[in-house]
Amino acid sequence: MTWTAPELARPSHLLVGDERSMVRAMLDQQRAILLWKCRGLTAEQLVIRSVEPSSLSLLGLVRHMTDVERAWFRVRAAQQEVRFEYSTEQNQDGEFDDVDTADAARDIALYRNEIELCEAAVAPLTLDHSFIHPRTGREISLRWIYLHMIEEYARHNGHADLLRERIDGETGE
């Protein structure tokens with residue numbers, strides 16, 4: 001039997017709540033949209049590229065967001081010492097470039113697990129918690145990370161929409 005990306009129940013929209021609940025709910029919506037764009041596709045379909053010379057694929061986006069989640073929430077905000085899953089100094093675009101030999105089921109499961117690890121890492125921190133970005137030297141708050149991640153997902157979910165349409169003709173809702 002051929003593996004396909006699992007179906008998922010998308011979270012309902014939170015329309016009223018405190019600031020943290022609202023930004024978390026909006027981010028969870030964006031996370032779910034990325035997985036929703038992958039649902040029902042085979043591993044072979046998930047690695048179909050957009051157009052040359054781009055290395056963009058749905059699985060590449062999932063892998064990219066795994067590393068992005070880890071970087072912002074666990075490494076920077078929570079100051080955990082963890083390595084990136086796909087990108088390295090020698091292969092900075094490994095999340096996109098190495099999808100042809102990837103295990104899609106593993107990568108999607110790893111992505112879902114990373115989200116849980118990220119949320120657990122920042123759960124004790126307030127939105128006002130801040131740190132100094134190691135490369136820019138600028139102070140950044142957890143609030144900014146949540147807002148940035150919503151923006152990052154929204155942009156990539158637009159890419160995912162176009163990729164999905166190319167694969168099987170399916171478009172948004």
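Reader: Which residues lie nearest the centre of the largest pocket?

Author: Ala71, Arg76, Phe84, Ser87 and Arg135 do, among 18 lining residues. A pocket is an open set of points on a 1 Å grid over the protein atoms alone, where a 1.4 Å probe fits, with protein on both sides within 12 Å along at least five of seven lines; lining residues have an atom within 4 Å of a point. Keep in mind that this model is predicted: local features need pLDDT of at least 70, side-chain atom pairs need 80 or more, and totals for chains, interfaces and linings use all residues. Residues are numbered from 1 along each chain as its sequence is written, and side-chain values use heavy atoms, without hydrogens or water.

Reader: How much space lies in the largest pocket?

Author: About 590 Å³. A volume is the space filled by probe spheres set on the grid points, which are joined across faces, edges and corners.

Reader: What is the volume of the second largest pocket, and which residues line the second largest pocket?

Author: Its volume is about 220 Å³. Leu8, Ala9 and Pro11 are among the lining residues. Arg24, Asp28, Arg31, Ala32 and Leu35 line the second largest pocket too, as do Arg112, Ile115, Glu116 and Glu119. Two elements give two or more residues each: helix 1 (19–38) and helix 5 (104–122). Helix 1 gives the most, with five. By class, the lining of the second largest pocket has six nonpolar and six charged residues, and no polar ones.

Reader: Let us step back. How many helices and strands does the protein have, and in what order do the elements run?

Author: There are six helices and two strands. From the N terminus on, the order is α-α-α-α-α-β-β-α. The radius of gyration is 16 Å, close to the 16 Å of the globule rule for 173 residues, so the protein is as compact as a globular protein of that length. That radius is taken over C-alpha atoms, and the rule is 2.2 Å times the number of residues to the power 0.38. Along the principal axes, the C-alpha atoms fill a box of roughly 45 × 45 × 30 Å.

Reader: What share of the residues counts as buried?

Author: Buried means under 20% relative accessible area, exposed over 50%, partly exposed in between (1.4 Å probe, protein chains only). Of the 173 residues, 46% are buried.

Reader: What share of contacts joins residues at least 24 apart?

Author: A contact means heavy atoms within 4.5 Å. Take the contacts between residues at least 6 apart in sequence: 71% of them join residues at least 24 apart.

Reader: Now single residues. Is Thr66 buried or exposed?

Author: Thr66 lies in helix 3 and is buried, at 0% relative accessibility. Leaving out residues up to four places away in sequence, Thr66 touches Tyr86, Leu110, Tyr111 and Glu114. Glu85 is 19 residues from Thr66 in sequence; C-alpha to C-alpha, the two are 7.6 Å apart.

Reader: Where does Val99 lie, and which residues does Val99 touch?

Author: Val99 sits in the loop between helix 4 and helix 5. Val47, Arg49, Ser57, Leu59, Gly60 and Arg63 touch Val99, not counting residues up to four places away in sequence. Leu35 is 64 residues from Val99 along the chain, and their C-alpha atoms are separated by 16 Å.

Reader: Is Pro134 buried or exposed?

Author: Pro134 is exposed, with a relative accessible area of 69%. Its loop runs between strand 1 (130–132) and strand 2 (139–141). Glu44 is 90 residues from Pro134 in sequence and 38 Å away in space, C-alpha to C-alpha.

Note on methods. Helix = DSSP H or I, 4+ residues; strand = E, 2+ residues; numbered from the N terminus. Nonpolar A, V, L, I, M, F, W, Y, C, P; charged D, E, K, R; others polar.
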